[in-house]
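Please have the viewer open while I talk.

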Amino acid sequence: MPLLQQGDPGIAARHQPALVLDYARSRELATAPLLKGTGLDDGALPSEESQVSAAQYLQLLANVARGLGSADTSFMLGQQMLPGHYGAVSHALLQAQNLRQALAILCEFHTLLCPLLQPRLREAGDMHVLYWVDAFGAPSQLPFLVEMHMTALAAMCRWLAGETLPWRFCFNRARPRHVEQHEVHLGHALRFDCQVDAMLIDTAWLDRPWPRGNATAAALALRAAALAPVPAASLLGALYD
Amino acid sequence: MLPLHRNSLIAAALALPLFFFLYATFGHAKPFAIWKWMDIVCEGGTAVMAGVWFLFTLSSRPRGRVTSLIAGGLCAIMLGSWADCLDEFFAVDKQEVWDNWLEALIPFGMLVLTIGMYYWRQEQFRLNEHLQKRERLFRDHRAFDRITQLADASYLRTQMRLEQERRPGFDCALVLLDIDSFHLINREHGHREGDRVLQAVGHMLLLNLRNDDLLCRYAGDRFAVLMPGVSREDAATQARHLCAMVGQMRHHANDNREIRLSLRHACALTDGVPEVVLAELSREVEAPGRGAGPAPRAAAPA
């Protein structure tokens with residue numbers, strides 16, 4: 001499968017872009033300026049086959065962020081991003097037995113679940129570190145994307161684990177003015193001015209069973225997800241490997 | 001708002017060419033050599049600016065006495081300045097007085113505008129009452145959140161700083177309130193319902209505050225109340241009351257299912273750097289087993 005670049009269509013419009021549009025509409029944003037440069041039309045729900053490129057999805061996010069002019073946009077979009085409604089892989093996440101399995105699904109199906117940033121899981125002593133790496137080269141939007149993706153994972157884990165997991169967050173940026181959003185949506189273990197954007201957690205948390213977990217259902221959903229078409233990885237991500 | 005004022009806009013738009021034709025018909029054109037550019041720029045500029053203010057006013061206000069007076073005054077200033085400017089291009093006989101009357105629209109417009117400003121001031125006092133408990137020592141419309149119509153954390157920090165400067169050494173309490181399991185409401189009922197819950201809780205809190213208090217939306221589902229002149233103990237009592245009131249609410253989702261709400265709280269005095277006070281309080285409100293809500297499960301891994 002050829003690797004994707006920013007301009008290549010590869011993101012199903014009915015997945016993440018539809019969620020973003022729905023959020024913007026719930027905030028009563030005018031649709032016309034919102035869709036500018038996104039290749040999407042004004043229909044209620046994008047069609048089954050319709051795909052957008054990473055550049056268009058990034059443009060949509062930029063339009064929404066500018067239209068709302070609110071510091072919580074990235075966090076609110078993150079709250080609903082995972083497990084999402086992206087077919088079998090979302091079901092698999094929903095049935096994940098523990099954090100280890102959820103992270104494995106996230107990393108394997110990242111082109112479906114979080115196309116813009118690629119999660120990379122590394123073990124470091126008694127810690128696990130999840131790095132978020134720019135998949136398509138969008139440096140100006142990176143802080144927004146990182147807030148969105150970290151919130152997505154932290155919020156999904158809190159929901160599925162039934163408790164707040166003690167993630168620690170590192171940001172490759174200076175301390176922002178709207179740090180209260182990070183506190184409320186992510187917690188207080190925040191570090192700014194780091195070299196990377198990463199989430200850290202003690203390995204002990206990876207195998208704690210999750211109350212909603214269901215091994216059979218997760219295996220079935222994963223089998224279905226493996227059969228379904230998956231978008232190609234990004235060129236930038238492949239270069240990183 | 002502009003379509004509401006269609007007639008005023010059409011009248012103003014017709015008056016501008018009408019004035020031009022009046023001058024072009026009854027006056028005679030001055031030769032280019034004697035045009036006074038300074039006067040043209042000043043008078044024309046005044047007309048353009050007054051026109052812009054006229055449009056700003058109409059586009060931002062519903063109809064009513066204050067709108068009519070302010071917009072009418074600005075429109076008269078615009079037309080008077082336009083007449084004054086046309087004077088630079090066309091010479092009108094000294095015996096004629098109609099052009100003087102047209103130019104007299106400027107002082108007349110100023111008078112009307114002043115009367116409008118007087119009533120606008122009264123209107124503003126009334127609107128301030130509506131904003132009571134939502135704003136205090138200064139105004140910044142950009143700080144207001146779209147959902148709850150409450151100001152944000154940066155507005156709160158500025159207020160804390162101003163309060164300290166205004167009355168140093170005076171007790172000023174700060175309470176943070178957090179909705180229990182708000183993320184589950186978002187998951188189970190959707191974020192639109194979550195927004196409605198935030199609005200409902202915001203209203204409930206506003207109804208139970210003193211007139212001097214300031215309610216802000218700190219971030220997400222966390223609210224902050226600034227209570228000037230209140231000791232820590234009294235603030236804690238107040239906070240418990242607020243939690244109890246929200247606990248008594250019967251919030252119904254769009255599908256009529258009842259959503260039970262409860263709040264956690266933490267309070268402190270605002271003596272210190274606002275960022276530090278807020279961060280500590282925010283950490284405290286998150287700590288397990290606080291307030292009236294169900295205690296979160298143990299936080300240590302097995």
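What we are looking at is a predicted model, and the predictor gives the complex an ipTM of 0.87 and a pTM of 0.82. For chain B the mean pLDDT is 88, with 95% of its residues at 70 or more, although over residues 291–302 of chain B the pLDDT is below 50, and that stretch has 21 contacts in the model beyond near neighbours in sequence.

Let me turn to the second largest pocket, whose volume is about 650 Å³. It is lined by 32 residues, and those closest to its centre are G69(A), S70(A), A71(A), D72(A) and D152(B). Two or more lining residues come from each of α3, α4, α8 and α9 of chain A, and likewise from α6 and β4 of chain B. By class, the lining of this pocket divides into 12 nonpolar, 8 polar and 12 charged residues.

Those two elements of chain B lead us to the sheet. Helix α6 of chain B, residues 153–166, lies across β3, β4 and β5 of chain B and runs at about 135 degrees to β4(B). The open sheet has 4 strands in the order β4-β5-β3-β8 (chain B), with antiparallel pairing. Because β4 and β8 of chain B stand at the edges with a single partner strand each, one side of each is left without a neighbour in the sheet. From one strand to the next, the twist averages 25 degrees. β4(B) pairs with β5 of chain B over 5 bridges, and C216(B) stands opposite A224(B) in β5(B).

The largest cavity, at about 100 Å³, is lined by 15 residues, with L4(A), T111(A), P115(A), F136(A) and A232(A) nearest its centre; its lining divides into 9 nonpolar, 5 polar and 1 charged. The second largest cavity holds about 50 Å³ of space, and helix α1 of chain A gives the most to its lining, with 3 residues. That lining includes Q16(A), Y57(A) and M148(A), and by class it has 7 nonpolar, 2 polar and no charged residues.

Methods:
Residues are numbered from 1 along each chain as its sequence is written. Chains are lettered from A and ligands numbered from 1 in the order in which they are written. This is a predicted model: local features need pLDDT of at least 70, side-chain atom pairs count only at pLDDT 80 or more; totals for chains, interfaces and linings use all residues. Side-chain values use heavy atoms; hydrogens and water are left out. Two strands pair if DSSP finds at least two bridges between them. Axes are lines fitted to C-alpha atoms, for helices over the stretch in contact, and angles run from 0 to 180 degrees between N-to-C directions. Contact means heavy atoms within 4.5 Å. pLDDT is the predictor's confidence in each residue, from 0 to 100. On a 1 Å grid over the protein atoms alone, a cavity is a set of points where a 1.4 Å probe fits but cannot get out, and a pocket is an open set with protein on both sides within 12 Å along at least five of seven lines; lining residues have an atom within 4 Å of a point. Grid points are joined across faces, edges and corners, and a volume is the space filled by probe spheres set on the points. Ala, Val, Leu, Ile, Met, Phe, Trp, Tyr, Cys and Pro count as nonpolar, Asp, Glu, Lys and Arg as charged, and the others, Gly among them, as polar.
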